[in-house]
Amino acid sequence: MSGDAVVRVIVDGANVVGSVPDGWWQDRRGAAERLRDSLVPYAADGVPGVPGPVEIVLVVEGAARGVASVPGVEVVSAPGSGDDLIAELAAGAGLERGCIVVTADRGLRQRVEAYGARCVGPRTVRP
């Protein structure tokens, strides 16, 4: 990984939201917006093991599509499978840049690790 490249942190929105049984299923869009807002500080501060700044990309799907980006967090709506879009984004990050994917999905972890991404669990960005 290049010393001046900003690491891309891709957050599997559905997986991370679903990791906390707080009633998210009653308002999926609102849950995605709350997650987005909670990710903002990580853009400047970084994530454990990777100092900031980092590029935060939150991938949403289904009822959460259309959630707007905010400064520090780019929100990307998956037209189909969120996992497919995350794998595509991880592949595009390249080894020089570095990529971290936040998910607990084992199948997705295998897919993105094949592109050189490092995976961390949802607790990395959720208490």
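**Close-up views of a predicted model**

**View 1. R29 and E33 are four residues apart in helix α2, so about one helical turn separates them.** Helices in these legends are DSSP runs of H or I with at least four residues, strands are E runs of at least two, and both are numbered from the N terminus. The side chains of R29 and E33 meet in a salt bridge, at 3.7 Å from N to O; the term stands for a side-chain nitrogen of Lys or Arg within 4 Å of a carboxyl oxygen of Asp or Glu. R29 is partly exposed at 34% relative accessible area, and E33 is partly exposed too, at 27%. Here buried means under 20% relative accessible area, exposed means over 50%, and partly exposed is in between (1.4 Å probe, protein chains only).

A word on what you're looking at: this is a predicted model, where local features need pLDDT of at least 70 and side-chain atom pairs count only at pLDDT 80 or more, while totals for chains, interfaces and linings use all residues. Residues are numbered from 1 along each chain as its sequence is written, and side-chain values use heavy atoms, with hydrogens and water left out.

**View 2. R36 and D37 form another salt bridge.** The closest N and O atoms of this pair are 2.8 Å apart. R36 is buried, with a relative accessible area of 10%, whereas D37 is partly exposed at 42%. By the salt-bridge rule, the count comes to five.

**View 3. Five strands make up an open, parallel sheet.** Read across, the order is β5-β4-β1-β6-β7. At the edges are β5 (73–77) and β7 (118–120), each pairing on one side only. On average, neighbouring strands are turned by 25° against each other, direction ignored. Strands count as paired if DSSP finds at least two bridges between them. Strands of a sheet pair through backbone hydrogen bonds, in either the parallel or the antiparallel sense.

**View 4. Strand β4 has bridges to β1 and to β5.** Five bridges join β1 to β4, and β4 and β5 also pair over five bridges; both pairings are parallel. Follow V59 in β4: D12 stands opposite V59, and in β5 the bridge partner of V59 is V76. Strand β4 is mostly covered, with five of its six residues buried.

**View 5. A salt bridge joins R8 to E55.** The closest N and O atoms are 3.3 Å apart. R8 lies in β1 and E55 in β4, so this pair ties together parts that are 47 residues apart in sequence. R8 counts as buried at 13% relative accessibility, while E55 is partly exposed at 22%.

**View 6. D83 is buried, yet has no salt bridge.** This residue lies in helix α3 (residues 82–97). The nearest side chain of opposite charge is R111, 5.1 Å away; Lys and Arg count as positive, Asp and Glu as negative, and His and the chain ends are not counted. Leaving aside neighbours within four places in sequence, D83 is in contact (heavy atoms within 4.5 Å) with D12, D105, L108 and R111.

View 7. A search of the whole structure finds zero disulfides, meaning pairs of cysteine sulfur atoms within 2.5 Å. C99 is buried at 7% relative accessible area, and C119 counts as buried at 13%. In β7, C119 is the bridge partner of V101. Strands β6 (residues 99–102) and β7 pair in the parallel sense over three bridges.

Methods:
Axes fitted to C-alpha atoms, helices over the stretch in contact; angles between N-to-C directions.
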